[in-house]
Amino acid sequence: MTFLNQKYQSLTPYTPGEQVDETEFIKLNTNESPYPPAPKVQKAVAEAAQKLNRYPDIAWSSVAKPFAAYLGVKEDQLFLGNGSDEVLAYLFQGFTEQGIAFPDVTYGFYQVYSELYDVNTTIVPLKADFSIELKDYDELTGTVIFANPNAPTGVYLSQQAICDFLERHPNRLVVVDEAYIDFGCTSMISKITQYENLFVVGTFSKSRQLAGARLGFGVGNKKVIADLNRLRFSLNPYNINALTQAVGSAVLQEQAYVNQTIQKTIDVREWSKQQLAALGFEQTDSQGNFLFVKHSQISAEALFQALRAKKILVRWFNQPRAKDYLRITVGTQEQMRVLIKAVKKILTEVTS
Ligand SMILES: *Cc1c(COP(=O)(O)O)cnc(C)c1O
């Protein structure tokens, strides 16, 4: 017996990475920041808690004003979402009449939203080196979406390639999901005013230590923002709760702390790349807060299981083009030392 509408009965939902007890596991599976939220965040929660009898600000002003200023855009070019996942959901729901195209290896939610909103979808294979070739999207119609740097590969596509595509296709919406842009790459946000067909999505989950608060954003021309708000006000006007608005506002006063943690993550990422290369791993030159690696002596699945047995959790995607690889979130220096040691031990065991 089911009460669910027929058309949703075959939906394949997104599979989030496991959340585990961190006193037991080293958690390198969901690309969260390993560092605690900035000091002002906790105080902000306590203060905001006293006003929870009131609905939150529908204009999200305490976040939107300083954040728009930080990004160098106008407030009417900025949209905030309950995680960037919510922004992405609105884009798939409302901006895909001519269809949508995205890479075969990318953020898993794109496929899920495509099915949920019954969008005409074209999957475009990445090149052999896992890079995105935008010329492969030239003959298609409709919206294009990709993550940059891409997930789970970490491969970054240059601004120039994206600008060229925007110019070739002024009538197609191009969504660039910049969840990982802060870890050393250049954002497209500075191009928003120049290209009306550009929309950039971002999140406070990865580089700002706020995955648990659910705060994402979109930046684009003000007509797209107004249309997103039309959808929001038809579903959930209070999409950012008061506690999240408070912590979002607080973390924006902590940019020095955020920058420090970003730099640590970049340093540890590069150190980890070297260590893994020395152990014979093949990997992309990831520009995210994660690594995408494989080893000729052990399958990704077997290494995933062996690490799990040693209480280190990484991510393995059972997907045709990604299944030979592990995605390993860049943790603290200490966590990555433990990881490297464990990997060494496992490799000695399989090769002896
Ligand atoms: C993590 C991630 C998101 C989702 O972020 P939230 O803001 O936590 O919803 C979106 N896109 C990509 C590519 C991601 O890796």
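Start by selecting E32, S33, P34, F183, K206, S207, Q209, T261, I262, T265 and N289: in this predicted model, they line the largest cavity. Its volume is about 40 Å³. Color the selection by residue class and you'll get three nonpolar, six polar and two charged residues.

Now color by domain, with 15–35 + 255–351 as domain 1 and 39–251 as domain 2. Both domains give residues to the lining of the largest cavity, so the cavity lies between them.

How many cavities of 30 Å³ or more are there? The count is two, so let's hop over to the other one.

Select F281, V293, K294, H295, I298, S299, A300, L303, D324 and L326, which line the second largest cavity. Two elements each give two or more residues to that lining: β10 (290–294) and α9 (300–309). The space inside comes to about 30 Å³. By class, this lining splits into six nonpolar, two polar and two charged residues.

Keep β10 on screen and switch to cartoon. What order do the strands of the open sheet follow? Reading across, you get β9-β10-β13-β12, four strands with antiparallel pairing. The edges are β9 (282–283) and β12 (315–316), each pairing on one side only.

Next, zoom in on β10 and β13 (residues 326–329), an antiparallel pair with four bridges. Show F292 and you'll find R327 of β13 standing opposite.

Last stop: select helix α8, residues 255–278. Helix α8 lies across β9 and β10, and runs at about 10° to β10.

Key. Residues numbered from 1 in each chain as written. Predicted model: local features only at pLDDT ≥ 70, side-chain atom pairs only at ≥ 80, totals over all residues. Heavy atoms only, no water. 1 Å grid on protein atoms, 1.4 Å probe; cavity = no way out; pocket = protein on both sides within 12 Å on 5 of 7 lines; lining within 4 Å. Points joined across faces, edges and corners; volume = space filled by probe spheres on them. Nonpolar A, V, L, I, M, F, W, Y, C, P; charged D, E, K, R; others polar. Domains from an automatic or database assignment. Pairing = 2+ DSSP bridges. Contact = heavy atoms within 4.5 Å. Axes fitted to C-alpha atoms, helices over the stretch in contact; angles between N-to-C directions.
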